[in-house]
Amino acid sequence: MFSKTSLYAALVATVAAHGVHEDQSPILGPHQSLWYNTLPGDGGKQADSVFSGISTFGRLPYVQCMSQRDVKFDLAFIGAPFDIGTSYRPGARFGPSGIRQGSRRLNLYGGYNVPLKTNPFDSWATVLDCGDIPVTSYDHAYALQQIEHGHYNLLTRTPATDANEKGPSLQGKTLPRIITLGGDHTITLPLLRSINRAYGPVSVIHFDSHLDTWKPKVFGGAPTDIASINHGTYFYHAAQEGLLANDSNIHAGIRTTLSGPSDYENDGYCGFEIVEASQVDKIGTAGIIKKIRERVGTKKPVYLSLDIDTLDPAFAPATGTPETGGWSTRELREIIRGLKGLNIIAADIVEVAPAYDTNAELTTMAAADALYEIMSLMILKGPTSKMVEPSEEEL
């Protein structure tokens with residue numbers, strides 16, 4: 001029989017023997033700061049345990065950017081957990097955490113985007129998840145101020161790349177890009193206010209099933225100034241405040257009911273063209289892409305706002321105001337890829353309300369995948385110092 005001493009020595013020897021593989025040199029995985037190593041795949045990438053660790057977008061490095069002014073990045077994800085501007089289902093305050101959860105498998109195999117031929121997780125850019133903007137759930141007006149100031153705080157940082165190069169901002173500087181995780185669609189108003197402070201009026205590509213340019217008296221009334229700002233009226237206010245570039249904005253995926261034809265007339269006054277969801281049956285995704293590109297042009301700064309209810313509820317049930325007859329995830333991703341080369345300076349995704357999702361996380365995965373395409377477009381374009389009319393190669 002072994003003594004306790006001899007048994008311990010045997011166990012130590014066994015562990016040591018299994019822990020040494022002299023013929024095998026691990027290669028670091030897609031994020032070198034993570035705790036694991038992977039074996040060689042294509043370029044050192046290999047599938048790994050995406051169900052491990054805390055949830056950041058695509059398992060990007062997490063930095064508390066709001067409290068650390070010296071942090072530099074080229075692209076940052078930031079959450080805006082706000083949903084007190086909703087008209088039907090609340091719950092989008094949990095959107096940022098839900099989207100992060102749905103994004104865990106984005107770089108399961110390394111993150112390479114085959115259609116766009118780029119890897120947004122392994123590129124020239126420093127990309128971070130900056131957490132969430134602190135947003136109160138008790139004061140509508142103050143919450144919108146918090147979102148604007150938090151976004152502007154990050155947007156005007158010195159980027160990690162081309163910091164000394166000229167850029168398209170009002171001060172002629174190169175700025176980083178920000179992707180905001182909502183939140184209901186009301187957040188786009190303070191985000192556009194932030195963008196306007198940095199860039200001036202911008203062209204907007206708006207993916208949605210609803211117009212969101214309704215006059216307050218049509219959409220819920222306007223008992224107070226702050227009550228008039230909600231997720232159906234924020235573009236009306238943006239137009240009134242001069243935040244939108246005239247006649248270069250477009251809605252895509254619209255299929256809402258109206259109070260009457262005057263809603264479309266008012267939408268035109270706000271500077272938008274409309275592409276209805278049903279048009280995909282007549283002109284296809286290529287036709288939708290063509291309309292968007294012709295409307296916004298290739299020279300101006302562009303803001304992209306994506307309401308997840310652009311998708312049919314079959315593909316994205318977890319949203320505040322679902323509308324049947326929408327696009328599929330395949331169609332939406334193809335349309336987003338078709339925006340390659342445009343000068344997209346910032347983006348948001350909104351109205352993801354995880355409480356209404358299935359156990360399979362259909363909506364949060366769809367949201368994460370759409371952002372993956374947008375993120376890829378930004379990386380392909382290069383730093384904002386490269387924001388010029390796209391070359392033939394980019395197109």
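How many bridges join strand 3 (residues 75–80) to strand 5, and do these strands run parallel or antiparallel? In this predicted model, strands 3 and 5 run parallel and are joined by six bridges. Within this pairing, Ala 80 has Gly 182 of strand 5 as its bridge partner. Strand 5 is also joined to strand 10 (residues 344–350), again in parallel, through four bridges. Here Thr 180 is partnered with Asp 348 of strand 10.

Strand 5 (residues 177–182) is largely enclosed by the rest of the structure, because six of its six residues are buried. In a regular strand, side chains alternate between the two faces of the sheet. Arg 177, Ile 179 and Leu 181 point one way from strand 5, whereas Ile 178, Thr 180 and Gly 182 point the other way. Residues of both sets are buried.

The nonpolar interior was examined next. In soluble globular proteins, nonpolar side chains tend to be buried together. The largest nonpolar core comprises 50 residues, and Phe 77, Ile 205 and Phe 207 have the most contacts inside it. The element that gives the most to this core is helix 9 (residues 362–381), with eleven residues. A second, separate core contains 42 residues, among them Cys 65, Leu 191, Ile 229 and Met 387.

The surroundings of Phe 207 were then considered, leaving aside residues up to four places away in sequence. Phe 207 touches Ala 252 and Ile 292, as well as Leu 304, Ser 305, Leu 306, Asp 307 and Thr 310. Its contacts also include Trp 327, Leu 332, Ile 335, Ile 336 and Leu 339.

Definitions and conventions: Residues are numbered from 1 along each chain as its sequence is written. This is a predicted model: local features need pLDDT of at least 70, side-chain atom pairs count only at pLDDT 80 or more; totals for chains, interfaces and linings use all residues. Side-chain values use heavy atoms; hydrogens and water are left out. A nonpolar core is a set of buried Ala, Val, Leu, Ile, Met, Phe, Trp, Tyr and Cys residues joined through side-chain atoms within 4.5 Å. Buried means under 20% relative accessible area, exposed over 50%, partly exposed in between (1.4 Å probe, protein chains only). Helices (H or I, at least four residues) and strands (E, at least two) are DSSP runs, numbered from the N terminus. Contact means heavy atoms within 4.5 Å. Two strands pair if DSSP finds at least two bridges between them.
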